[in-house]
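Me: I should like to learn how to read a structural model of this kind. Could you take me through it feature by feature?

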Amino acid sequence: MNQFSKIMFVALAAAALLFSGCAKKEVVSSEGGASTHSVSSMAKKPSSNSVYFAFDSSALDAAGKATLNGYAAWLADHGGVTVTVEGNCDQRGSREYNLALGQRRADSVKAYLTSHGVSSSRVDTVSFGEERPACTGTGAACWAQNRHADIISR
Amino acid sequence: MRLLLLIILMTLSTTLSAVEFDVYQSEYRPLNIALMVDAAPEQHGESQKLYNVVKNDLISSQSFKTLDPLSFIADTASTLEKIDYADWRIIGADLVAICNLTATDERWRAEVKVYDPFRSKLLATNTLIRDSNELRVISHQVSDFIYKTVIGVHGHFNSHILYVKKRGDKSDLIYMDQDGANRQPVGKNFTLLLSPDWAPDGRFVALNTYVGNRPRLETFDMATGKRNAFGSFKGLNSTPEYSPDGRYIAAALSYTGNSEIHIYDLKKKEWKQFTDHPGIDTTPTWSPDGKWIAFTSNRNGSPQIYRKSLSGGKAERISLKANYNTSPVWAPHGDRIAFITLKQWEYALATVHIDGTGLRYLATGKRIESPNWSPNGQMLLYSAENSGIRRIYRIPAWGGKAEAITAGNIDASDPAWSR
């Protein structure tokens, strides 16, 4: 290993340490008594309520679609539950544009859910743009965590 | 190890930023001005205050440099009586401004004369009168008069600035004179506060805030503090901007299923849709004649600046370079649009002619955002982040030095200059 690659290795390792210190925010939601009747055949609520996006994009990836398939099934089994989709962005670019982008992310999640059988009246949307970052640092790992839409049940 | 990383990062960032950034600098050299204020001994304190306000105004414009009075050969009294141009040429004064301040009938009276020693000429003279509690106002008027006489453009020294101060989850709307005097909160405890825009009458402010986790548009009455919601649709309610005549507010709404520019008629209390395109349309800004609206749209894949006529027709693209251009603000004189652009890996404040030519980069900075023009189009405000804190900066639109106008220990954003 020459001197330069050693330095780069140290830098990368240190950067990885820094980024991993940026914990993902847990969104707590109440479920209006939905958990009281735990029939085994009923769809389970997906373990994650977040879907993630690429920079300046509102397109859903495979992981996001998998999460939303789970939510579509869960919502089908829990007819009384309504949800709000909250769209968020990383801090790059303009705040005003990011507000619109966050809305588009929330809308894209809503469109996916409604196309999978969820009534649109049960899905509300709101954008916080870059105003409520889950990770307040900078760097690619942190930004990636902040480009998300969360499904919050009411 | 941390230290090593820091050193590597610092070396890396200095090399990166040294690569390329042609920030625009004009050839303009500030003019040397000899400034004098004469007053009766009873008004010595006030005349000193006037002198300091005018001096600070002129220097902050970056168009003037005030000469040290210790270098003056002639004194104020004799210059008032009869100016000897040679005395001023010899110390390199491009200009001599002399103000005689008197108090009569509960009023301030300022008589101002501006001379050009190198052309041996009295350029202009003016008498200003204000109430006795308006010493700062009359001082700014003296600055305005000197500025107009020399630069040929109206001064902006009696204008005001609003910005948003964020503390934790709450935001306050802060008011100040353009020179930082009279700084005070005018609206407190908003849950998120974005994009305040000052109505041309100076009394109302349109803004975007959240109530119960819902965004909405409100007008804020500066006189009474009263808030009035005028846009609370499903989805986005954002980026309000008053038309130059104050009758309309353009904003971005998404209740149609997509973010579009809509226009609110304050008189009829009615909304009308202005753009209709599946891409994101946001941040509208009016041309000074009220005939066009420029806005950000990603209709061709990346955010770019477009303009569209109020009388209809297709949207024309203004920004030609870079794949990320947002936050357009039309200059009060109509010749340029200021916006935020991505240049290589840095975001920058830039201006461009309406036809997309004459691009000028003015400043870079982390999270550089929210450009806003001074009423005379000579200065720009913007916010940028430093160690996690955003500050408001002021920079001449013709290129110059950026100066912070908010403190380094409060989070300030979203500047709005009175019109």
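Reply: The dialogue below treats confidence, the chain interface, the domains and the helix contacts in turn. This is a predicted model, in which local features need pLDDT of at least 70 and side-chain atom pairs count only at pLDDT 80 or more, while totals for chains, interfaces and linings use all residues. Residues are numbered from 1 along each chain as its sequence is written, and chains are lettered from A and ligands numbered from 1 in the order in which they are written.

Me: What is the mean pLDDT of chain A, and over which residues of chain A does pLDDT stay under 50?

Reply: pLDDT is the predictor's confidence in each residue, from 0 to 100. For chain A the mean is 81, with 74% of its residues at 70 or more. The stretch under 50 covers residues 6–38 of chain A, where the model has 30 contacts beyond four places in sequence; two residues are in contact if their C-beta atoms, placed from the backbone, lie within 7 Å. Where pLDDT is low, the predicted coordinates should not be read in detail.

Me: What does chain B average?

Reply: Chain B averages a pLDDT of 93, and 95% of its residues score at least 70. Residues 1–20 of chain B, however, are below 50, and this stretch has nine contacts beyond near neighbours in sequence. The model as a whole scores ipTM 0.88 and pTM 0.87.

Me: How many residues of chain B are in contact with chain A, and which element gives the most to that side of chain B?

Reply: On chain B, 30 residues are in contact with 20 residues of chain A. Helices (H or I, at least four residues) and strands (E, at least two) are DSSP runs, numbered from the N terminus. Elements giving two or more residues to this side of chain B include helix H1 (2–19), strand E8 (184–198) and strand E24 (366–373) of chain B. H1(B) gives the most, with four residues. By class, this side of chain B has 13 nonpolar, 13 polar and four charged residues; Ala, Val, Leu, Ile, Met, Phe, Trp, Tyr, Cys and Pro count as nonpolar, Asp, Glu, Lys and Arg as charged, and the others, Gly among them, as polar.

Me: Which domains does the assignment give for chain B?

Reply: Domain bounds come from an automatic or database domain assignment. For chain B it gives domain 1 (31–151) and domain 2 (160–417), whose C-alpha centres lie 36 Å apart. Six residues of domain 1 of chain B are in contact with six of domain 2 of chain B. Helix H2 (residues 44–60) of chain B gives the most to the domain 1 side, with three residues. That side has no nonpolar, four polar and two charged residues.

Me: At what angle do the axes of H2(B) and helix H5 of chain B cross?

Reply: Axes are lines fitted to C-alpha atoms, for helices over the stretch in contact, and angles run from 0 to 180 degrees between N-to-C directions. The axes of H2(B) and H5 (residues 135–151) of chain B come within 9 Å and cross at roughly 45 degrees. H2(B) is therefore oblique to H5(B); angles under 35 degrees count as roughly parallel, over 145 as roughly antiparallel, 65 to 115 as roughly perpendicular and the rest as oblique. The contact of H2(B) with H5(B) has seven nonpolar, three polar and four charged residues.
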